[in-house]
Amino acid sequence: MVLDERLLAEAESASARITALERETAAATSQYHRTIRRLHVAGSSMREIADALQLSHQRVHQIVDAAGGAPRRWKLRSKPPRPLVCSFCEKAKDDVTKLVAGAAAYMCGDCVEAAASFDKVHAASTLRCSFCTKPRKAVTRMVAGAQAQICDDCLHLCKEICENA
Ligand SMILES: [Zn+2]
Ligand SMILES: [Zn+2]
């Protein structure tokens, strides 16, 4: 049986639309999560964010802590073994020259250099450093990127690791 050309074209255009919408949904979701993180970094409590956006406290917690679960050791990876991205700028490993691994995040050499201009994590935040896991209140300063945050001490260590590489 011959396919109906008109219906076939309609199916193809619907399929292309699904693909485009899925891509857009993924982009909007990532922007949504990033903005929620920035609200928390700027000093809003997870409870306040949850109430304002009508989310559960647990969901906000998951979004804010999304950086967890990555590598465990401190070391410089010039050639990361798995598909990896910098937890701060989200550049892929192929686009960066250096990638330092902390407890739950990676930081590329460019971000180590640019960290002074990152969002500062508010003193009341419950976030922990993604490299040493110390809480915000235990460190003098902390800055945040797309999926992770880093304290001053760890940033200093990253700088040394990058400079000696
Ligand atoms: Zn980076
Ligand atoms: Zn730290």
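This is a predicted model: local features need pLDDT of at least 70, side-chain atom pairs count only at pLDDT 80 or more; totals for chains, interfaces and linings use all residues.
Q: Which residues touch the most other members of the largest nonpolar core?
A: The core in question has 34 residues, and at least three of its residues come from each of domain 1 (1–66) and domain 2 (67–165). Within this core, the residues that touch the most other members are Cys86, Tyr106, Met107, Ile150 and Cys154.

Q: Is Ile150 buried or exposed?
A: Ile150 lies in strand 6, which spans residues 149–151. A residue counts as buried if 20 or more other C-beta atoms lie within 10 Å of its own. Because Ile150 has 31 other C-beta atoms within 10 Å, Ile150 is buried.

Q: How many Å apart in space are Ile150 and Cys129, C-alpha to C-alpha?
A: Leaving out residues up to four places away in sequence, Ile150 touches Met107, Cys129, Ser130, Phe131, Met142, Val143 and Leu155. Cys129 is also among the contacts of Cys154, together with Gly102, Phe131 and Cys132, when neighbours within four places in sequence are set aside. Although Ile150 and Cys129 are separated by 21 residues in sequence, their C-alpha atoms are apart in space by 4.7 Å.

Q: Is helix 1 roughly parallel or roughly perpendicular to helix 3?
A: Helix 1 (residues 5–41) and helix 3 (residues 57–64) pack with their axes 9 Å apart, at an angle of about 95°. Angles of 65 to 115 degrees count as roughly perpendicular, so helix 1 is, relative to helix 3, roughly perpendicular.

Q: How many residues of the contact of helix 1 with helix 3 are nonpolar?
A: From helix 1, His33, Ile36, Arg37 and His40 meet Val60, Ile63 and Val64 of helix 3. Of the residues in this contact, one is charged, two are polar, and the number that are nonpolar is four.

Conventions: Residues are numbered from 1 along each chain as its sequence is written. Chains are lettered from A and ligands numbered from 1 in the order in which they are written. A nonpolar core is a set of buried Ala, Val, Leu, Ile, Met, Phe, Trp, Tyr and Cys residues joined through C-beta atoms within 7 Å. A residue is buried if 20 or more other C-beta atoms lie within 10 Å of its own, exposed if 12 or fewer, and partly exposed in between; C-beta atoms are placed from the backbone. Domain bounds come from an automatic or database domain assignment. Two residues are in contact if their C-beta atoms, placed from the backbone, lie within 7 Å. Axes are lines fitted to C-alpha atoms, for helices over the stretch in contact, and angles run from 0 to 180 degrees between N-to-C directions. Helices (H or I, at least four residues) and strands (E, at least two) are DSSP runs, numbered from the N terminus. Angles under 35 degrees count as roughly parallel, over 145 as roughly antiparallel, 65 to 115 as roughly perpendicular and the rest as oblique. Ala, Val, Leu, Ile, Met, Phe, Trp, Tyr, Cys and Pro count as nonpolar, Asp, Glu, Lys and Arg as charged, and the others, Gly among them, as polar.
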